[in-house]
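Welcome! Let's take a short walk through a protein model and stop at a few places along the chain. Keep the 3D view open as you read.

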Amino acid sequence: MSSDPPTPARNDSSPDDAPSGQVPPKKRLLPTPKRTVVVYTVIIVIAAIGTVLTHALLMTIFARKQEARVPFQRVVEIDEDTIEPAVWGANWPRQYESYKRTVDYERTRYGGSDAVPAQKLDLYPWLRTMWSGHAFSLDYREARGHAYMLHDQDHTARVEQRPQPGACLHCHSSVLPAYRYAGEGDVMEGFRRVNAMSWDEARHLTDDEGRPLIEHPASCVDCHDPATIRLRITRPAFIEGIRAYKASQGIEDYDVNRDASHHEMRSFTCAQCHVEYYFAQPGNQLVYPWHRGLLVEEMEAYYDEIEFADWTHGITGAPMLKAQHPEFELWRQGTHATAGVSCADCHMPYRRVGAMKISDHHVRSPLLHVAASCQTCHNVPEEELLSRAHSIQDRTHTLILRAAEALVDMVEAIVEAKEAGGTDEQLEPLRALHRTAQWRLDFIVSENSHGFHAPQESARILAESIDYSRRAVAGARDVKAAPEGPPGEVEREPIYGVTPDEEAPPMPDREDIVP
């Protein structure tokens with residue numbers, strides 16, 4: 001029996017008939033001309049977009065490098081005689097635009113700029129007792145922005161009702177042209193001559209062609225060299241004052257424009273005016289009392305050494321010191337100064353414009369722009385930073401009021417001792433305590449940070465003020481108990497009418513303040 005060979009089994013299954021659980025093999029698609037064109041087109045478009053984006057990025061990088069290399073363009077030429085801020089603004093428009101904003105009205109809890117600056121003598125009547133007999137008992141208002149520094153000085157009752165020297169223009173105006181003209185080209189000599197003039201004479205100085213020499217508040221030329229734009233010091237009183245201070249530290253022949261670093265200049269330019277000062281005689285020469293140091297007791301020791309007094313108190317007859325606005329001196333005792341933080345770091349913080357880093361010339365309280373001024377160093381929420389600052393200022397304010405209460409008690413105690421028959425010999429130690437106590441209270445009251453620049457130092461100074469006032473009260477009781485002279489009435493300096501708010505310095509158009 002023959003057998004036929006086996007017939008191969010027919011496979012009728014398609015690729016999709018794969019056994020259960022197995023992935024069928026993919027169909028192989030053969031390229032077509034149409035599909036190839038599409039693929040190449042997509043690749044070309046992507047490459048083109050990438051090329052354009054890369055080119056744009058490179059152009060931006062190049063532009064930013066050029067900005068950093070050439071931060072400004074001199075559209076107009078400027079020199080030492082260019083006082084008008086708007087002319088500088090043609091070359092530095094970003095800085096000028098922020099500078100013009102110093103006309104703004106903004107307030108913090110304890111200060112700021114108002115359309116009608118508040119009369120502090122009405123808010124705190126004890127100030128009249130403290131400054132009895134001094135021009136500040138006539139008018140003492142909330143300070144406003146730099147744009148108003150000359151205008152408000154023109155209209156304060158302190159100038160209108162009491163004679164003031166031309167020395168005040170040192171810090172209330174862009175005064176260099178007047179110094180150069182009065183000194184026949186010598187700024188230091190012109191400084192001395194203008195100091196000796198009356199306010200009205202100096203304020204209305206004109207050149208040989210009759211053009212006014214005092215027209216603007218602080219201007220660009222006061223802090224910047226027009227040739228190099230570097231920061232510089234132009235105020236003669238600071239140049240002499242910082243030299244005296246450095247000499248007290250053993251550094252002789254200090255030249256601030258030669259020896260100070262750029263970072264120091266970011267504080268020194270502010271300290272040209274935000275400082276304690278006095279008028280030396282003869283000639284009302286403006287002097288910063290830093291010959292022994294910057295501490296409140298060191299300046300007091302210097303005043304005692306030269307037997308200086310700003311005025312005689314209108315109630316107690318004590319030879320008094322009038323603190324001005326010692327922001328620089330108090331700041332130097334605080335933690336920010338110790339850490340190397342400059343005035344401009346907080347009040348004129350850097351901001352980024354393209355590749356450039358510029359200082360914001362809208363000079364104001366850092367509490368009005370915490371993000372730029374504070375959070376660059378403090379990684380803390382804005383609300384917490386404001387709370388910390390307000391806590392410091394609130395505590396300082398409470399101490400100020402306690403020191404003021406002690407001061408008023410002291411003045412009344414001295415009056416009672418004199419009326420009981422206390423002699424000048426008996427009252428002399430009490431008057432010395434009055435001078436010492438009031439100098440400390442006035443130092444913190446007249447300083448514009450309300451303690452923030454140096455909280456611990458502020459508390460120390462106010463605590464000493466309270467202590468000296470209470471010592472005087474105790475001493476006055478002893479004199480009253482055993483007077484060595486006949487009783488009599490004490491003649492008090494009258495309290496002059498305080499300018500009410502409705503008669504505050506007139507409000508100019510903002511365009512008339514900063515062009």
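Let's start with a pair of residues facing each other across two strands: Arg351 has Ile358 in β8 as its bridge partner.

## How confident is the model?

What you see is a predicted model. For the protein chain, the mean pLDDT is 89, and 87% of the residues reach 70 or more.

One stretch calls for care: over residues 8–16, pLDDT stays under 50. The model has 2 contacts beyond four places in sequence for these residues.

Most residues other than glycine have a negative phi, and most peptide bonds are trans. Keep that in mind for the next stops.

Glu307 has a positive phi of about 55° although it is not a glycine. Look for Glu307 in the loop between α15 (296–305) and β5 (311–312). Is Glu307 buried or exposed? Its relative accessibility is 73%, so Glu307 counts as exposed, the cut-off being over 50%.

His450 also has a positive phi, near 55°, and is a residue other than glycine. His450 sits in the loop between α21 (424–446) and α22. With 15% relative accessibility, His450 counts as buried, because the limit for that class is under 20%.

A cis peptide bond joins Gln281 to Pro282, with omega near 0°. Pro282 lies in the loop between β3 (278–280) and β4 (285–287).

## A buried serine

Ser458 is part of helix α22 (residues 455–481). Which residues does Ser458 touch, not counting those up to four places away in sequence? They are Leu330, Ile444 and Gly451. Ser458 has a relative accessible area of 0%, so it is buried.

## The second largest pocket

Rolling a probe the size of a water molecule over the atoms shows where empty space is left. The second largest pocket has a volume of about 280 Å³.

Which kinds of residues line the second largest pocket? The lining divides into 4 nonpolar, 1 polar and 6 charged residues. Among the lining residues are Asp81, Glu84, Arg180 and Asp207, along with Ile83, Leu213 and His216.

Notes:
Residues numbered from 1 in each chain as written. Predicted model: local features only at pLDDT ≥ 70, side-chain atom pairs only at ≥ 80, totals over all residues. Heavy atoms only, no water. 1 Å grid on protein atoms, 1.4 Å probe; cavity = no way out; pocket = protein on both sides within 12 Å on 5 of 7 lines; lining within 4 Å. Points joined across faces, edges and corners; volume = space filled by probe spheres on them. Nonpolar A, V, L, I, M, F, W, Y, C, P; charged D, E, K, R; others polar. pLDDT = per-residue confidence, 0-100. Contact = heavy atoms within 4.5 Å. Pairing = 2+ DSSP bridges. Helix = DSSP H or I, 4+ residues; strand = E, 2+ residues; numbered from the N terminus. Buried < 20%, exposed > 50% of the residue type's maximum accessible area, 1.4 Å probe, protein only.
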